[in-house]
Amino acid sequence: MRVLALDVGSKTIGLARGDTQHGVATPWETLIRRGSAADVVEIARRSALERAVALVVGMPLELDGRRGHRARLVESFVRALERALPPEIAVTTWDERFSTSAAERSLLEADVSRSKRKMVIDAVAAQQILQSWLDAGAPGAIEVSRPRSAPPGPGQPSGTTAMSG
């Protein structure tokens, strides 16, 4: 099952891809944000090109697990994605706390130059998010493979929401 991951920031969106069969995520690329509507169209286009059946979106929770301002912005983006994507493509969220610092650490260990790190950090953070989800057994993978029937109502989680511990 082909899966894409997103690390949604205010200026860029990091993309990673992988599949549940092989359990390996790889960084893909970093998109410069052009506004939520244009970004959603681009993510939908890339999802179709990759034949993705699911998107895992990093959820920027606060250190104590609460959903702060950044998480609410990502939730709004997730809702827009769910409206734009065909129902066969499920959207799930995953705790992204420390994904960027883990990505930075791995790039430093690989002796990647500062200028190169700046160009790839968000895609590597998306890889960290996806790999964490895959390592956890792709929680919700059965639910993710089922189409969304209708947009969630008030107070219901968006898509198949899973958070790591």
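This is a predicted model: local features need pLDDT of at least 70, side-chain atom pairs count only at pLDDT 80 or more; totals for chains, interfaces and linings use all residues.
Residues are numbered from 1 along each chain as its sequence is written, and side-chain values use heavy atoms, with hydrogens and water left out. Local features need pLDDT of at least 70 and side-chain atom pairs count only at pLDDT 80 or more, whereas totals for chains, interfaces and linings use all residues.

Five strands form an open sheet of mixed pairing, in the order 3-2-1-4-5. Strands (E, at least two residues) and helices (H or I, at least four) are DSSP runs, numbered from the N terminus; two strands pair if DSSP finds at least two bridges between them. Strand 3 (24-32) and strand 5 (90-95) stand at the edges with a single partner strand each, so one side of each is left without a neighbour in the sheet. Direction ignored, neighbouring strands of this sheet are turned by 25° against each other on average, with axes taken as lines fitted to C-alpha atoms.

Strand 2 (residues 12-19) runs antiparallel to strand 3 and is joined to strand 3 by eight bridges. In strand 3, Pro27 is the bridge partner of Ala16, and Thr30 is that of Gly14. The two strands form a hairpin with four residues between them, and Gly23 in the turn has a positive phi of about 65°.

The charged end of Arg33 lies over the ring of Phe77, 5.1 Å from its centre, and that of Arg46 over the ring of Trp28, 5.7 Å from its centre.

The second largest pocket has a volume of about 240 Å³. A pocket is an open set of points on a 1 Å grid where a 1.4 Å probe fits, with protein on both sides within 12 Å along at least five of seven lines; lining residues have an atom within 4 Å of a point. Of the 13 lining residues, Val8, Gly9, Arg33, Leu73 and Val74 are the closest to the centre of this pocket. Helix 2 (residues 69-84) contributes the largest share of the lining, seven residues.

Technical notes: Grid points are joined across faces, edges and corners, and a volume is the space filled by probe spheres set on the points. A charge sits over a ring if NZ of Lys or CZ of Arg is within 6 Å of the ring centre and within 35 degrees of the ring normal. Axes are lines fitted to C-alpha atoms, for helices over the stretch in contact, and angles run from 0 to 180 degrees between N-to-C directions.
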